[in-house]
Amino acid sequence: AVLEDLDGVGAGDGVHGVEGHGEAALEHRPDRGEVEQRLHQLGVVGDRVDDVFAVELEVAATIAAALQATLTPAEAAAMSARPTENTTAYDLFLRAQYLFRRGSQNQDEEDLSQAIALYRQAIAEDPGFALAQAQLSIALSDLYWNGGTRELSPEMLAQQSQAAMSAAKRLRPDLPETNLAMAFVAYRLHLDFPAAVAAFDAVLAARPGDADALYGKALPLRR
């Protein structure tokens, strides 16, 4: 049933292109975040969260086939790897990912703030959840870039984004999302364009065609 419901993913869920951060859409293959979004929309959480890792790989392969794309061995391995064994943490993470993607695309402060809160809850459930730390850093830097909120000043967001990135780096320095967090910290917090490009390149070396890295790398290159 899940795969039948994915017939419209390419047309309606941003698989062919992603609009984010106020920039033009980029053509790309579906990334893990998009698959997670769609899984959550389809209700692949809760009682079924134990199976979500296997379903993710099946869904990714189905989307890739529909788009005539081929997953590299590294991409397939990344899809099948379990980022946490804590199912409650992963459920919270999926909810955060959905809100982050929507909030980032629409520059919606409320969605981004809710995503940040859910990432924090996921990390509280599993302090070793490196992927959640990396995505938390990215979400915080996104909110920082847009001037913060009444509750979170740019200074607070910068400190927290840096701290989450450092935690991800300590836990999983090899994770592509860790390099992605490092790239956005370098670009948004420090305006260190060469460091940002190098970190985006590290993501692309592990995951060629990664939409977030392609989009992100274009930002410092045009400065």
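Predicted model: local features only at pLDDT ≥ 70, side-chain atom pairs only at ≥ 80, totals over all residues.
**A walk through the helices and rings**

Let's start with a pair of helices: α6 runs past α8 in a left-handed crossing. Residues are numbered from 1 along each chain as its sequence is written, and side-chain values use heavy atoms, with hydrogens and water left out.

Back to our two helices. The axes of α6 and α8 come within 11 Å and cross at roughly 25°; these axes are lines fitted to C-alpha atoms, for helices over the stretch in contact, with angles from 0 to 180 degrees between N-to-C directions. That angle makes α6 roughly parallel to α8 (under 35 degrees is roughly parallel, over 145 roughly antiparallel, 65 to 115 roughly perpendicular and the rest oblique). On the α6 side, the contact (heavy atoms within 4.5 Å) is made by F93, Q97, F100 and S104, and α8 brings L131, A132, Q135, I138, A139 and D142. Sort the residues of this contact by type and you get six nonpolar, three polar and one charged. Here Ala, Val, Leu, Ile, Met, Phe, Trp, Tyr, Cys and Pro count as nonpolar, Asp, Glu, Lys and Arg as charged, and the others, Gly among them, as polar.

Now step back. The protein has 12 helices and two strands, and along the sequence they follow the pattern α-α-β-β-α-α-α-α-α-α-α-α-α-α. Both kinds of element are DSSP runs numbered from the N terminus: helices are H or I with at least four residues, strands E with at least two. Of the 223 residues, 49% count as buried; buried means under 20% relative accessible area, exposed over 50%, and partly exposed in between (1.4 Å probe, protein chains only). Among contacts with a separation of 6 or more, 62% come from residues 24 or more positions apart.

Next, the rings. The structure holds six aromatic pairs. Rings of Phe, Tyr and Trp (its six-membered ring) pair if their centres lie within 6.5 Å, with planes under 30 degrees apart counting as stacked, over 60 as edge-to-face and the rest as tilted. F93 and Y119 have ring centres 5.9 Å apart and planes at 50°, so their pair is tilted. F93 sits in helix α6 (residues 87–106) and Y119 in helix α7 (residues 109–125), so the pair ties together parts 26 residues apart in sequence. Both of these residues, F93 and Y119, are buried. F93 also pairs with F129: the ring centres are 5.2 Å apart and the planes at 45°, so this pair is tilted. F129 lies in the loop between α7 and α8 (130–145), so its pairing with F93 of helix α6 ties together parts 36 residues apart in sequence. F93 and F129 are both buried. Ring pairs link Y90, F93, Y119 and F129 into a cluster.

Finally, the loops. Most residues other than glycine have a negative phi. Q107, not a glycine, has a positive phi of about 50°. Q107 is in the loop between α6 and α7 and is partly exposed, with a relative accessible area of 31%. L191 is not a glycine but has a positive phi of about 50°. L191 lies in the loop between α10 (176–189) and α11, and counts as exposed at 51% relative accessibility.

Definitions and conventions:
Left-handed = near helix turned anticlockwise from the far one by under 90°.
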